[in-house]
Amino acid sequence: MLRFKPKAILPFLLATLLAFPVLATSFKLQTNTVILEAGKQDVTFNVANTGQTPMLLLTTLEDLPGDEAFADRVLINPPVTRVNADSTQYVTFTLRPGDPIDREYLLKVGFEGVGQPRANNISIPVRQEIGFLITPDNWVPSGTPWEALTLTRKSDTLILHNPSRQVVRLIPQVTLVKTGKTVGFGQPYLRPGERVTLPDIPIGAESQGLVLSPLSRYGYKLKDVTFWGQ
């Protein structure tokens, strides 16, 4: 068995990359988010191979931490497939039968492209992860879901709560209007019923205004809004 000392690994890798050209794998996704409507049962999503060589496309779906398991209810077809250069692959996501959905779910879908290796070349996999929304049947989403958010105070901490049935996507920070101080909360979404904490917020800051940066359902930044607490 070959063994490498830790200090020797980096020079070895650099020497390998210099000795063999690297083939870049690249692909383009249809949008920044996949949206599956429960009433339609499935959705088809396009992935285009923009590279110069064929690639192996692997598609996975994962639950986000802190939510009930839901990814297993979605069938991916095909989960693994070959995509030729300058070609588009259609990936279909199908919702399996189960209990009715009464709220939105947010998951994470990953697309990984592995280039076809050639003689004396190295192929480096490329992975992109985007949001995956599952919506209830007969659902009309709000265009301003952040308006449903509420603020409550506990000592020097504010609690931001989403009491609605819709996922609220936003940049994970707020800015205090009076001082310009920025406070982060670690995740770019609030799922239905979810709460996040904003620490070290002075008493009364919420009544003076907090600036939120909402994102669209497809993950694009929208105009900042000022949120007023009670």
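Predicted model: local features only at pLDDT ≥ 70, side-chain atom pairs only at ≥ 80, totals over all residues.
Local features need pLDDT of at least 70 and side-chain atom pairs count only at pLDDT 80 or more, while totals for chains, interfaces and linings use all residues. Residues are numbered from 1 along each chain as its sequence is written, and side-chain values use heavy atoms, without hydrogens or water.

**View 1. The stacked pair Phe45 and Phe111**. The structure holds three aromatic pairs (Phe, Tyr or Trp rings, the last by its six-membered ring, with centres within 6.5 Å; planes under 30 degrees apart are stacked, over 60 edge-to-face, the rest tilted). Here the ring centres are 5.4 Å apart and the planes lie at 15°, so the pair is stacked. Phe45 belongs to strand 4 (residues 42-49) and Phe111 to strand 9 (residues 105-115), so the pair ties together parts 66 residues apart in sequence. Strands are DSSP runs of E, at least two residues, numbered from the N terminus.

**View 2. Arg103 over Tyr105**. Arg103 lies over the ring face, at 3.9 Å from the centre (CZ of Arg or NZ of Lys within 6 Å of the ring centre and within 35 degrees of the ring normal).

**View 3. The largest nonpolar core**. A core joins buried Ala, Val, Leu, Ile, Met, Phe, Trp, Tyr and Cys through side-chain atoms within 4.5 Å; buried means under 20% relative accessible area (1.4 Å probe, protein chains only). Of its 27 residues, Val47, Phe93, Phe111 and Phe132 touch the most other members. Strand 9 gives the largest share, four residues.

Key. Buried < 20%, exposed > 50% of the residue type's maximum accessible area, 1.4 Å probe, protein only.
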